[in-house]
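Welcome! Take a look at it first, and then read on.

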Amino acid sequence: MAGSPVSPVQRSKILKVIFISLLLDLISFTFILPLFPRLLEFYRNLEAADVSSNSVLHRILLGLNAYKQSFSRPISDRYDIVLLGGALGSLFSLLQAIASPFIGSLSDKYGRRTALLWSMAGNIASVALWVAATDFRTFLASRVVGGLSEGNVQLATAMAADISDKEQRGSTMALVGACFSIAFTFGPALGAALANVETVVANPFATAAGFSLLLIVIETLYLYQYLPETLPSSRKRDSSNVSTTKTAASSVSYSRTNSHRLLNATHFFFILFFSGMEFSFPFMTYDLFAFTSSQTGRLLGFMGLLAAILQGAVTRRLPPIRAIQVGVISCTASFFLLGRMTTEAGLWTAASLLAITTATVVTGLNTLSSFEATETERGGKLGNHRSWGQVGRALGPLLFCSLYWWAGRDVAYAIGGAGMLGVGALVFGGLKAPRIN
């Protein structure tokens, strides 16, 4: 690894800070996920009384309904709010795709700690807008601010790479991935419970938003107090030490095994297909088995819990290339199974395969991407890597659900499976285990 690794004691302390802060951040982030249907329905009903309304929400709903009516098969009005939630999710991902490379590059220049604290300031502003969102326009502003400022995940990944040598890198990245699985297992349930506590009539979700804001503020104070700078100051690319940076970078010989173009392309195509399938899940479980929201929530909770267990027990011990391969095989199998299964047993089997995918692929890709970057460019390279994934996440739900409604479940999942076979070709035919000299 480039540079001198931090001491084991210091590394343990930094990992603890990264884990706790990222867990707080992701739990706060997932609060809103189960609330989207009720929250958006609240804003729609709020504006429904004004028949002459030409609000932002009114125009968005008109556009979504025109899109929905373009399909040959009827789509229930039940999905209007789901479509709106998907559109907002795509907007958030698109904004993340724009912001991530800039946040990463700034962390290379000014340090991870500084970039993260500025990102947290944006997160606080975003959630504060949600607390005050008594109309849809304010709520939309909160999502825009959040999409442009959220940098915790990519910076946590960069910091984890900063303090890990080649042997430690995979297990450290798995720790970051485990935060996701734990947060997505418990965060939505906690958010749903808090949404039942109404403290502000003008914003029934102010309690959940307020608790989310509290977590973000606690996280920011915790980071300010306990997070040291993980990027060595001699390698920060500011104007006062350009020559030092060049010397430090040139002192390490990096043999790039995998090009960033290949890694980013693999990330994009994987997330494109995976996120589309992920978003179609509620439609599919409702169409086939008439699942309620709580039943679908239990299924997703099971997937999150299983993924967390796998990341802690299996993924951190696997070489990153092997983790990616296992995850892509599992995802391909789940696609074809979801297109043909007719029983709940088949559904839970497919969910288990998807949990394996969740626990392995993105963690492995992040690890490989970190191997292919020097310390002076790691933030920017990981930011670009995340950006391509977010582009896939913005496009995947729209494209896959359009295919689902146009051609039906069998065709949609068969094409998704074929696409994942293409991802497998990139993984098995293109990616290689990294070499660092």
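A residue counts as buried under 20% relative accessible area, as exposed over 50%, and as partly exposed in between. At 32% relative accessibility, F211 is therefore partly exposed. Keep in mind that this is a predicted model.

**The chain as a whole**
- The chain contains 16 helices and 2 strands.
- It has 437 residues, and 54% of them count as buried.
- Of the contacts between residues at least 6 apart in sequence, 84% join residues at least 24 apart.

**The nonpolar core**
- The largest nonpolar core has 96 residues, and those with the most contacts inside it include W130, F281, L338 and L347.
- Helix α11 (residues 260-289) gives the most to this core, contributing 13 residues.
- Beyond its neighbours within four places in sequence, L347 touches several residues, among them F281, M284, L338 and M341.

**Aromatic rings**
- You can find 17 aromatic pairs in the structure.
- One of them is stacked: the ring centres of F31 and F211 are 5.9 Å apart, with the planes at 25°.
- F31 sits in the loop between α1 (8-30) and α2 (36-48) while F211 belongs to helix α9 (residues 206-226), so this pair ties together parts 180 residues apart in sequence.
- F31 is buried, at a relative accessible area of 0%.
- The pair F136 and F139 is tilted, because the planes stand at 45° with the ring centres 6.4 Å apart.

Conventions. Residues numbered from 1 in each chain as written. Predicted model: local features only at pLDDT ≥ 70, side-chain atom pairs only at ≥ 80, totals over all residues. Heavy atoms only, no water. Core = buried A, V, L, I, M, F, W, Y, C linked by side-chain atoms within 4.5 Å. Buried < 20%, exposed > 50% of the residue type's maximum accessible area, 1.4 Å probe, protein only. Helix = DSSP H or I, 4+ residues; strand = E, 2+ residues; numbered from the N terminus. Contact = heavy atoms within 4.5 Å. Phe/Tyr/Trp six-rings, centres within 6.5 Å; stacked < 30°, edge-to-face > 60°.
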